[in-house]
Amino acid sequence: MTDQRKGLFYGLAAYVAWGAFPLYFRLLKPAGPLEILAHRIVWSLVTVSVLILVLRRLRWFRTAGARTLGLLALGAVLIAVNWYTYIYGVNSSRVVETALGYFINPLISVLFGVVLLHERLRRLQWVALAIGAVAVVVLTVDYGRPPWIALTLAVSFGLYGLIKKVAGAPAVEGLTVESLVLLLPALGYLTWLTWSGDAEFGTVSAGHTALMVLSGALTAGPLLAFAAAANRVPLSTIGLLQYLTPVLQFLVGVLILGEHMPPARWAGFALVWLALLVFSADSLRAARSASARRKDTLPATA
């Protein structure tokens, strides 16, 4: 198997795992979203700490600067908001809306590039953003409220991605720092929950307890697979693979969990998909143009 095919396999594994997450988090009920989040933080730290020791990556922590650690601390807050919102959405039967959040995430990331990084957009990128804005308006009318779960997921993950890009920390080391930042609040909440007699962990069944503990490996595993894919396949391929997760989440919500999809909601999603089609086509065209320009500037060989 070639290195690129391995990368494609790792990418598919990561995005399929994330796409199946709604089915996993539904199994963690009757635990509430905060309890699930707290356990995810604790067991993620346990998992990545073992990986750090096995892979002998302690050196990074001795050389990481204060700026990088500060950015990762901010990233920890954003990913906690993202995780909580996602768990809440799944366990309140709004899986389709969580899928919407990850569908519009690329558009939100482009918008952040304009607002925060003063990037200039191509014409078709503006068209995609405009279609996406209309889609949000249509879905707001359909829901009778702004799709706040989707918007919170898209904004928090978009900002998280921006911070991770600036920080430049490796995947495992970055998740370790983020989990450490969140550890004390998570342990504090779990201690209070146990003291008050409201903890579900260890009281529902052995299988439920095992699934809660497994949240650490299920957080770190896809992240490592994604990192392995990013190092082996072109960015354009990663960009297309990322849509696999919300597609699977959408299918889980509609076909498996039976969430209602009135005509207006289908119209809103159709506009989102149209925006992503325009955005992806423009991104692929720009990538090909850049590749062609690089080839034209290469020196001739004898």
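With which residue does R57 form a salt bridge, and how far apart are the closest N and O atoms? In this predicted model, in which local features need pLDDT of at least 70, side-chain atom pairs count only at pLDDT 80 or more, and totals for chains, interfaces and linings use all residues, the partner of R57 is E173, with the closest N and O atoms 3.6 Å apart. Residues are numbered from 1 along each chain as its sequence is written, and side-chain values use heavy atoms, with hydrogens and water left out.

The protein has an average pLDDT (the predictor's confidence in each residue, from 0 to 100) of 88, and 94% of the residues score at least 70. Among the elements of the protein, the lowest mean pLDDT, 70, belongs to helix α10 (residues 235-241), and the highest, 94, to α4. Where pLDDT is low, the predicted coordinates should not be read in detail. Helices (H or I, at least four residues) are DSSP runs, numbered from the N terminus. Helix α4 consists of 26 residues and reaches 37 Å from its first C-alpha to its last, close to the 38 Å expected at 1.5 Å a residue; the expected span is 1.5 Å times one less than the number of residues.

Salt bridges (a side-chain nitrogen of Lys or Arg within 4 Å of a carboxyl oxygen of Asp or Glu) number 6 in the whole structure. In the pair of R57 and E173, R57 lies in the loop between α2 and α3 and E173 in helix α8 (residues 171-195), so parts 116 residues apart in sequence are tied together. E173 is buried (under 20% relative accessible area; exposed is over 50%, partly exposed in between, with a 1.4 Å probe and protein chains only), at 4%, whereas R57 is partly exposed at 34%.

D282 is buried, with a relative accessible area of 0%, and a network of salt bridges links R122, D282 and R285. D142 and R265 also form a salt bridge, their closest N and O atoms being 2.5 Å apart. Because D142 lies in helix α6 and R265 in helix α12, this pair ties together parts that are 123 residues apart in sequence. Both D142 and R265 are buried.

The structure also holds 23 aromatic pairs, in which rings of Phe, Tyr and Trp (its six-membered ring) have centres within 6.5 Å; planes under 30 degrees apart count as stacked, over 60 as edge-to-face and the rest as tilted. The ring centres of Y86 and Y102 are 6.1 Å apart and the planes lie at 65 degrees, so the pair is edge-to-face. The pair joins Y86 in helix α4 to Y102 in helix α5, 16 residues apart. Y86 and Y102 belong to one aromatic cluster, whose members include F21 and F157.

Backbone geometry was examined in the loops. Most residues other than glycine have a negative phi, and most peptide bonds are trans. The peptide bond from K29 to P30, however, is cis, with omega near 15 degrees, and P30 lies in the loop between α1 (3-26) and α2 (33-55). R56, in the loop between α2 and α3 (59-63), has a positive phi of about 55 degrees and is exposed at 76% relative accessibility.

Notes. Helix = DSSP H or I, 4+ residues; strand = E, 2+ residues; numbered from the N terminus.
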